[in-house]
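Me: I'd like to learn how to read a model like this one. Can you walk me through it?

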Amino acid sequence: MNLHMEQKIQIMIVEDNPMNLKLVSELLEMDGFHILKCHDAESALVSLKTTNPEMILMDVALPGMDGLELTKKLKANNETKNIKIIALTAFAMKTDKEKVFDAGCNGYITKPIDTRKFSEQIRELLNVNNG
Ligand code: MN
């Protein structure tokens with residue numbers, strides 16, 4: 001995947017924490033991705049009516065509908081089921097990893113974000129088969 005192609009890739013971030021949203025967006029923008037920012041599940045659903053991102057970075061703890069509920073909803077819909085969904089989670093509980101995959105997420109990135117590894121994590125996740 002060369003830089004020219006990456007510039008066209010859209011990634012949506014659903015994250016209610018403004019500092020995390022800013023950090024993740026800035027890291028991805030530095031790598032040339034086009035970013036769609038959403039503060040909650042509702043705004044993500046509205047945005048997805050007119051956008052088709054390659055990947056969604058999904059905070060799990062969101063006000064209102066949480067990230068796992070939103071993931072289930074998107075994976076149950078033919079229009080959105082092929083979007084790669086990556087959970088952003090601190091894995092506070094041992095069972096959290098299981099819940100993330102049960103909900104239909106294709107992968108995860110643990111919080112706090114490791115800024116040195118983030119770029120490589122995203123590259124690898126973009127190549128993961130959506131199966
Ligand atoms: Mn949150």
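Reply: Start with burial: buried means under 20% relative accessible area, exposed over 50%, and partly exposed lies in between (1.4 Å probe, protein chains only). By that rule Asp-59 is buried, because its relative accessible area is 5%. Ala-61 counts as exposed, at 55% relative accessibility. Keep in mind that this is a predicted model, where local features need pLDDT of at least 70, side-chain atom pairs count only at pLDDT 80 or more, and totals for chains, interfaces and linings use all residues. Residues are numbered from 1 along each chain as its sequence is written, and side-chain values use heavy atoms, leaving out hydrogens and water.

Me: What is the strand order in the open sheet?

Reply: Strands are DSSP runs (E, at least two residues), numbered from the N terminus, and two of them pair if DSSP finds at least two bridges between them. The five strands run β2-β1-β3-β4-β5, with parallel pairing. β2 (34–38) and β5 (107–110) are at the edges with a single partner strand each, so one side of each has no neighbour in the sheet.

Me: How many bridges join β1 and β3?

Reply: Four, linking residues 10–14 with residues 55–59 in the parallel sense. Met-12 sits opposite Ile-56 in β3.
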